[in-house]
Amino acid sequence: SKPKNNFEDIKELPKSWKIEGKVSLNTNDGFKSRNSILLERSKDKMEEPTSVVTDSFPVSGGMWEVKAATKCDLFSPDSSYNGVVYLDVFDASGKQMDKFEISLAYEKTSWKEISKTCKLEKNANFARFRIVMNKTYGFFSVDNLSAKYLSPVPENLFSKIKLAPKAYGALFYPGDKIAFDATVETNGEWVSDKKEISIIVK
(Lines give C-alpha, C1' and ligand atoms only; values in the text may rest on other atoms or scores of the structure.)
Protein backbone atom coordinates (compact mmCIF):
# COMPACT_ATOMS: atom_id res chain seq x y z
CA SER A 1 0.00 0.00 0.00
CA LYS A 2 0.99 3.64 -0.38
CA PRO A 3 2.86 5.03 2.66
CA LYS A 4 0.74 6.65 5.33
CA ASN A 5 0.81 10.42 5.48
CA ASN A 6 1.85 10.37 9.14
CA PHE A 7 2.19 7.89 11.99
CA GLU A 8 -0.72 8.89 14.21
CA ASP A 9 -2.53 5.55 14.09
CA ILE A 10 0.37 3.28 15.13
CA LYS A 11 1.83 2.52 18.57
CA GLU A 12 5.17 1.16 17.38
CA LEU A 13 7.16 0.95 14.16
CA PRO A 14 6.13 -2.00 11.93
CA LYS A 15 8.23 -5.13 12.56
CA SER A 16 8.48 -5.58 8.77
CA TRP A 17 10.64 -2.45 8.47
CA LYS A 18 14.38 -2.98 8.25
CA ILE A 19 15.99 -1.07 11.12
CA GLU A 20 19.65 -0.54 12.01
CA GLY A 21 20.74 1.27 15.16
CA LYS A 22 18.45 3.21 17.47
CA VAL A 23 15.21 4.02 15.63
CA SER A 24 11.88 4.50 17.39
CA LEU A 25 8.42 6.01 17.23
CA ASN A 26 8.46 9.38 18.97
CA THR A 27 4.97 10.03 20.35
CA ASN A 28 5.70 13.55 21.59
CA ASP A 29 7.00 15.44 18.55
CA GLY A 30 5.55 15.22 15.04
CA PHE A 31 5.08 17.58 12.12
CA LYS A 32 1.68 19.18 12.83
CA SER A 33 0.91 16.05 14.86
CA ARG A 34 2.25 13.99 17.79
CA ASN A 35 4.07 11.04 16.22
CA SER A 36 7.21 10.81 14.07
CA ILE A 37 10.13 8.49 13.33
CA LEU A 38 13.17 9.27 15.47
CA LEU A 39 16.72 8.21 14.59
CA GLU A 40 19.31 8.70 17.34
CA ARG A 41 23.04 8.12 17.54
CA SER A 42 25.59 9.03 20.20
CA LYS A 43 29.12 10.26 19.53
CA ASP A 44 30.70 6.98 20.66
CA LYS A 45 28.60 5.05 18.10
CA MET A 46 29.23 7.22 15.04
CA GLU A 47 30.66 4.25 13.11
CA GLU A 48 27.55 2.14 13.63
CA PRO A 49 24.81 2.28 10.95
CA THR A 50 21.61 4.09 11.85
CA SER A 51 18.85 3.72 9.27
CA VAL A 52 15.34 2.52 8.59
CA VAL A 53 13.74 1.13 5.41
CA THR A 54 9.93 1.15 5.19
CA ASP A 55 7.70 -1.44 3.58
CA SER A 56 7.48 -1.27 -0.20
CA PHE A 57 4.43 0.10 -2.02
CA PRO A 58 3.33 -0.20 -5.68
CA VAL A 59 4.28 2.50 -8.19
CA SER A 60 4.16 2.90 -11.95
CA GLY A 61 5.96 4.98 -14.53
CA GLY A 62 5.12 8.66 -14.50
CA MET A 63 5.56 11.86 -12.55
CA TRP A 64 5.20 11.53 -8.77
CA GLU A 65 5.01 14.07 -5.97
CA VAL A 66 7.03 12.78 -3.01
CA LYS A 67 7.03 14.48 0.38
CA ALA A 68 8.82 14.22 3.70
CA ALA A 69 8.95 16.42 6.79
CA THR A 70 12.18 16.49 8.80
CA LYS A 71 13.67 18.01 11.92
CA CYS A 72 17.18 17.52 13.25
CA ASP A 73 19.81 18.37 15.84
CA LEU A 74 23.01 16.92 14.38
CA PHE A 75 26.76 17.33 14.63
CA SER A 76 27.50 18.85 11.21
CA PRO A 77 30.93 20.35 10.46
CA ASP A 78 29.64 20.43 6.87
CA SER A 79 26.58 19.24 4.96
CA SER A 80 27.96 15.71 4.47
CA TYR A 81 27.24 15.05 8.17
CA ASN A 82 23.52 14.69 7.72
CA GLY A 83 20.24 12.85 7.80
CA VAL A 84 18.69 11.94 4.45
CA VAL A 85 15.33 10.63 3.24
CA TYR A 86 15.53 8.64 0.00
CA LEU A 87 12.92 7.09 -2.27
CA ASP A 88 14.32 3.88 -3.76
CA VAL A 89 12.58 2.57 -6.89
CA PHE A 90 12.64 -1.02 -8.19
CA ASP A 91 11.44 -2.99 -11.22
CA ALA A 92 9.30 -6.13 -11.00
CA SER A 93 12.37 -8.37 -10.57
CA GLY A 94 13.50 -6.40 -7.51
CA LYS A 95 16.37 -4.67 -9.26
CA GLN A 96 16.89 -1.10 -8.04
CA MET A 97 16.31 1.34 -10.89
CA ASP A 98 16.64 4.69 -9.22
CA LYS A 99 17.30 6.58 -5.99
CA PHE A 100 15.78 9.98 -5.31
CA GLU A 101 17.01 12.24 -2.52
CA ILE A 102 13.84 13.74 -1.06
CA SER A 103 15.24 15.60 1.94
CA LEU A 104 18.71 16.30 3.34
CA ALA A 105 19.02 17.84 6.79
CA TYR A 106 22.03 18.89 8.86
CA GLU A 107 22.98 21.06 11.84
CA LYS A 108 19.89 22.07 13.87
CA THR A 109 16.56 22.72 12.18
CA SER A 110 12.91 22.97 13.12
CA TRP A 111 10.24 20.98 11.29
CA LYS A 112 10.27 21.56 7.54
CA GLU A 113 8.32 19.78 4.81
CA ILE A 114 10.02 19.12 1.47
CA SER A 115 8.20 18.21 -1.76
CA LYS A 116 10.01 16.79 -4.79
CA THR A 117 8.69 15.85 -8.23
CA CYS A 118 10.23 12.54 -9.32
CA LYS A 119 10.20 10.99 -12.77
CA LEU A 120 9.74 7.23 -12.53
CA GLU A 121 10.63 5.13 -15.57
CA LYS A 122 7.91 3.09 -17.29
CA ASN A 123 9.03 -0.26 -15.81
CA ALA A 124 8.97 1.01 -12.22
CA ASN A 125 7.04 -1.51 -10.10
CA PHE A 126 7.49 -0.73 -6.41
CA ALA A 127 9.29 1.74 -4.14
CA ARG A 128 10.15 2.28 -0.51
CA PHE A 129 11.48 5.04 1.71
CA ARG A 130 14.95 4.77 3.22
CA ILE A 131 16.10 7.08 6.02
CA VAL A 132 19.79 7.27 6.89
CA MET A 133 22.11 9.15 9.26
CA ASN A 134 25.49 9.79 7.60
CA LYS A 135 28.74 10.28 9.58
CA THR A 136 27.02 12.26 12.29
CA TYR A 137 25.49 11.91 15.76
CA GLY A 138 22.46 13.51 17.37
CA PHE A 139 18.76 13.33 16.53
CA PHE A 140 16.95 13.08 13.19
CA SER A 141 13.12 13.10 13.05
CA VAL A 142 10.98 12.26 10.01
CA ASP A 143 7.22 12.55 9.45
CA ASN A 144 4.61 12.87 6.69
CA LEU A 145 6.13 10.45 4.18
CA SER A 146 3.95 10.36 1.09
CA ALA A 147 4.09 9.54 -2.61
CA LYS A 148 1.36 10.68 -4.99
CA TYR A 149 1.03 9.92 -8.71
CA LEU A 150 0.63 13.11 -10.76
CA SER A 151 0.68 12.34 -14.49
CA PRO A 152 2.32 10.35 -17.27
CA VAL A 153 5.86 11.35 -18.22
CA PRO A 154 5.69 14.16 -20.83
CA GLU A 155 6.95 12.75 -24.10
CA ASN A 156 9.95 14.45 -25.62
CA LEU A 157 9.69 14.72 -29.41
CA PHE A 158 13.45 14.52 -29.88
CA SER A 159 15.16 11.34 -28.71
CA LYS A 160 18.66 11.73 -30.15
CA ILE A 161 20.82 14.09 -32.23
CA LYS A 162 23.87 12.66 -34.01
CA LEU A 163 26.60 14.90 -35.39
CA ALA A 164 29.09 13.76 -38.05
CA PRO A 165 31.91 16.16 -39.00
CA LYS A 166 32.53 16.80 -42.70
CA ALA A 167 36.28 16.61 -42.09
CA TYR A 168 37.83 13.21 -41.36
CA GLY A 169 38.44 12.82 -37.63
CA ALA A 170 36.93 16.29 -37.10
CA LEU A 171 40.31 17.81 -38.03
CA PHE A 172 39.48 21.18 -39.50
CA TYR A 173 42.39 23.21 -40.86
CA PRO A 174 42.63 27.00 -41.00
CA GLY A 175 40.46 28.20 -43.83
CA ASP A 176 38.26 25.09 -43.84
CA LYS A 177 34.53 25.54 -43.52
CA ILE A 178 33.46 23.95 -40.25
CA ALA A 179 30.47 21.81 -41.14
CA PHE A 180 28.66 18.83 -39.68
CA ASP A 181 25.92 16.53 -40.88
CA ALA A 182 23.14 16.31 -38.29
CA THR A 183 20.76 13.37 -37.90
CA VAL A 184 17.78 13.98 -35.64
CA GLU A 185 15.84 11.00 -34.27
CA THR A 186 12.32 11.71 -33.01
CA ASN A 187 9.56 9.86 -31.17
CA GLY A 188 6.97 11.13 -33.62
CA GLU A 189 6.48 13.35 -36.63
CA TRP A 190 8.42 16.61 -36.55
CA VAL A 191 5.80 18.97 -37.93
CA SER A 192 7.45 22.20 -39.00
CA ASP A 193 7.88 24.19 -42.21
CA LYS A 194 11.38 25.16 -41.13
CA LYS A 195 13.49 22.44 -39.55
CA GLU A 196 16.56 23.97 -37.91
CA ILE A 197 18.75 23.08 -34.96
CA SER A 198 21.18 25.35 -33.14
CA ILE A 199 24.32 23.92 -31.57
CA ILE A 200 26.62 25.79 -29.20
CA VAL A 201 30.15 24.46 -28.71
CA LYS A 202 31.88 25.67 -25.55
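A contact here means heavy atoms within 4.5 Å of each other. With that in hand, let's work through some exercises.

This is a predicted model, in which local features need pLDDT of at least 70, side-chain atom pairs count only at pLDDT 80 or more, and totals for chains, interfaces and linings use all residues. Residues are numbered from 1 along each chain as its sequence is written, and side-chain values use heavy atoms, with hydrogens and water left out.

**Exercise 1. The overall picture**

Describe the protein's contacts, its elements and its dimensions.

Step 1. Take the contacts between residues at least 6 apart in sequence: 73% of them join residues at least 24 apart.

Step 2. Count the elements. The protein has 13 strands and 0 helices; both are DSSP runs numbered from the N terminus, with helices being H or I of at least four residues and strands E of at least two.

Step 3. Look at the dimensions. The C-alpha trace spans about 75 × 40 × 30 Å along its principal axes. The radius of gyration, taken over C-alpha atoms, is compared with a globule rule of 2.2 Å times the number of residues to the power 0.38. The protein has 24 Å, while a compact globule of 202 residues would have a value near 17 Å.

Step 4. Check burial. Buried means under 20% relative accessible area, exposed means over 50%, and partly exposed lies in between (1.4 Å probe, protein chains only). Of the 202 residues, 35% are buried.

**Exercise 2. An open sheet**

In which order do the 5 strands of the open sheet lie?

Step 1. Follow the strands across: the order is β2-β3-β11-β6-β9, with antiparallel pairing. Two strands pair if DSSP finds at least two bridges between them.

Step 2. Find the edges. These are β2 (22-26) and β9 (108-120), each of which pairs on one side only.

Step 3. Zoom in on one pair. Strands β3 (residues 36-41) and β11 (residues 138-151) are joined in the antiparallel sense over 5 bridges. Leu 38 stands opposite Ser 141 in β11.

**Exercise 3. The nonpolar core**

Which residues have the most contacts inside the largest nonpolar core?

Step 1. Read off the answer. The largest such core has 33 residues, and Ile 37, Val 85, Leu 87, Ile 131, Phe 140 and Leu 145 have the most contacts inside it.

Step 2. See where the core comes from. Elements giving two or more residues include β7 (82-90), β8 (96-105) and β10 (126-134). Strand β6 gives the most, with 5 residues.

Step 3. Visit Val 85. Leaving aside residues up to four places away in sequence, Val 85 touches several others, among them Ala 68, Phe 100, Ile 131, Phe 140 and Leu 145.

**Exercise 4. Salt bridges**

How many salt bridges are there, and which parts of the chain does the pair of Lys 71 and Asp 29 link?

Step 1. Apply the rule: a side-chain nitrogen of Lys or Arg within 4 Å of a carboxyl oxygen of Asp or Glu. The count comes to 6.

Step 2. Take the pair in question. Lys 71 and Asp 29 meet at 2.8 Å, N to O. Lys 71 is in strand β6 and Asp 29 in the loop between β2 and β3, 42 residues apart. Lys 71 is partly exposed at 28% relative accessibility, and Asp 29 is partly exposed at 22%.

Step 3. Lys 162 and Glu 185 form a salt bridge at 3.2 Å, N to O. Lys 162 lies in β12 (residues 158-165) and Glu 185 in β13 (residues 180-186), so the bridge ties together parts 23 residues apart in sequence.

Step 4. Finish with Asp 181 and Lys 166, whose closest N and O atoms are 3.0 Å apart. Lys 166 counts as exposed at 54% relative accessibility, whereas Asp 181 is partly exposed at 39%.

**Exercise 5. Positive phi**

Where does Glu 107 lie, and what is its phi?

Step 1. Glu 107 sits in the loop between β8 and β9.

Step 2. The phi of Glu 107 is near 60°, a positive value in a residue other than glycine. Most residues other than glycine have a negative phi.

Terms used. A nonpolar core is a set of buried Ala, Val, Leu, Ile, Met, Phe, Trp, Tyr and Cys residues joined through side-chain atoms within 4.5 Å.
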